[in-house]
Structures are given as structure tokens and as C-alpha cells.
Amino acid sequence: MKAKSAKKSVVVSVVMGSDSDLPIMTEAAKILEEFGIGYELMLTSAHRTPERTTKFTKTAASRGVKVIIVGAGAAAHLAGVIASQTLLPVIGVPIDATSLHGLDALLSTVQMPGGIPVATMAIGKAGAKNAALFAIRFLALEDKTLSAKLAAYVAKMAKDVEKKQENLSCLKS
Ligand code: RP5
């Protein structure tokens, strides 16, 4: 009989304030998949479902979660509210969801008063991707295999730039 592959334990939570945030937060999920990290997707809102947010946050550490990534748009309080209820590191991703193009979410997420930190990434897809890579940097501190994967990922990016330079040079000659 073929052995079932073991289910990875969840160490990163990818939280979002609305399912409309999913196309952005998928960028974080893609990176976590690529690195083989166990993660969960969680939908909860600081404004619409405050009790659900608290319940999720209060149980995260005891379920084995080590880092929480939070994407939210508009008056984005979700990352700050979650960070206020856990000692786990929280990484915020501001989302472009209104006519202010994410500037509202950026300021709401980044301007935390002293005492409760939220590591805030760029607005949108780049921010979601970097949130996952930042989470992986935390996890890699105690995981040599993961650290080696991260080094290979960074080295490949550098190689890709060199290849692109070659392509540019070909175009010119
Ligand atoms: C925020 O409000 C969500 O994170 C989302 O970015 C924004 C708009 O939500 P929907 O009205 O699309 O559900 O709480």
C-alpha cells in the first residue's frame, strides 16, 4: 500500500480581511508553497468579525503558528488588532482596495503606536510576496535546510538579472 504523504504542520497563517484580498495574498501563498512551508489561509475582519479575529489570534500560537501575515485594505486595522493580541511576529500587507490606491491601508498598517509592532511591507503583490519571504527568513533562523533554500533563491534572482543583461546586450549589438 502506498504511504500517504504526511500533512505539513501549519507554521504560517496568511490572514485577510476579505475574500477580495485573495488575488493579492495568493502571492504570499505561492512563495510558501515553493519553499514547502505549511500554511493556512484565514478570512477574518477587524471590523466585520471582531470576535472571530480574537478567537483566531488567541489560538494561533498554541496551534503551532510561528508567524502571521495579514493583508487588509481601506482603514486597515486587522494587522494591528492581531498584533495586539499575540506575541507572534505579525507582517502586514497593505492592499489597494479603495480610491486611495492602498495609501490608506499603508498608513493604517505602518503607523502603529509604540509598543505593538507590525512589520509592514509594500502595497499589493510585491508586499504579499515579500511578506512570505520575510516569514521564511524568521523560520530559516532555526532551519539550516530552509536557510540553504533561501540562499539558492536569492542566488537565482541574481543569475536571472545577469541573463537579462545578456539579452539586453544582444539587442544592442
Ligand atoms: C478590508 O476592506 C478588506 O481587507 C478589503 O481589502 C477591504 C474591502 O473589503 P470588501 O468590501 O471587498 O469585502 O477590510
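Helices (H or I, at least four residues) and strands (E, at least two) are DSSP runs, numbered from the N terminus. By that rule, Lys-55 is found in helix 2, residues 50-60. This is a predicted model: local features need pLDDT of at least 70, side-chain atom pairs count only at pLDDT 80 or more, and totals for chains, interfaces and linings use all residues. Residues are numbered from 1 along each chain as its sequence is written, and side-chain values use heavy atoms, with hydrogens and water left out.

**Overall fold**

The protein chain has six helices and five strands. Along the sequence they follow the pattern β-α-β-α-β-α-β-α-β-α-α. The C-alpha atoms fill a box of roughly 60 × 55 × 35 Å, taken along the principal axes. The chain has 173 residues, and 40% of them count as buried. Buried means under 20% relative accessible area, exposed over 50%, and partly exposed in between (1.4 Å probe, protein chains only).

**The ligand site**

The ligand sits in the second largest pocket. A pocket is defined on a 1 Å grid over the protein atoms alone, as an open set of points with protein on both sides within 12 Å along at least five of seven lines; the probe is 1.4 Å. A molecule sits in a pocket if more than half of its atoms lie within 2 Å of the grid points.

Which residues are around the ligand? They are Gly-17, Ser-18, Ser-20, Asp-21, Arg-48, Ala-72, Gly-73 and Ala-97. The shell divides into two nonpolar, four polar and two charged residues. In this scheme Ala, Val, Leu, Ile, Met, Phe, Trp, Tyr, Cys and Pro are nonpolar, Asp, Glu, Lys and Arg are charged, and the others, Gly among them, are polar.

Polar contacts (pairs of N or O atoms within 3.5 Å; within protein, one must be able to donate a hydrogen and the other to accept it, and residues adjacent in sequence count only if both atoms are side-chain atoms) are listed next.

| Residue | Part of residue | Distance to a ligand oxygen |
|---|---|---|
| Ser-18 | side chain | 2.6 Å |
| Arg-48 | side chain | 2.8 Å |
| Gly-73 | backbone | 3.0 Å |

The protein covers 73% of the 360 Å² of accessible area that the ligand has on its own. Accessible areas come from the Shrake-Rupley method with a 1.4 Å probe; for residues, only the protein chains shown count as cover.

Ser-45 lies in the loop between strand 2 (39-43) and helix 2. Is Ser-45 buried or exposed? Ser-45 counts as buried because its relative accessible area is 8%.

**Two loops with positive phi**

Most residues other than glycine have a negative phi. Ala-74 has a positive phi, near 60°. Ala-74 lies in the loop between strand 3 (67-73) and helix 3 (78-83). Its relative accessibility is 28%, so Ala-74 is partly exposed.

His-101 also has a positive phi, near 55°. The loop here runs between strand 4 (90-95) and helix 4 (103-110). His-101 is exposed, because its relative accessibility is 56%.

**Helix positions**

Lys-55 is exposed, at 63% relative accessibility. Its C-alpha atom is 33 Å from that of Lys-144, 89 residues apart along the chain.

Ser-147 belongs to helix 6, residues 144-172. Ser-147 is partly exposed, with a relative accessible area of 33%. The C-alpha atoms of Ser-147 and Ile-24 are separated by 26 Å, and the two residues are 123 apart along the chain.

Note on methods. Near = heavy atom within 4 Å. 1 Å grid on protein atoms, 1.4 Å probe; cavity = no way out; pocket = protein on both sides within 12 Å on 5 of 7 lines; lining within 4 Å.
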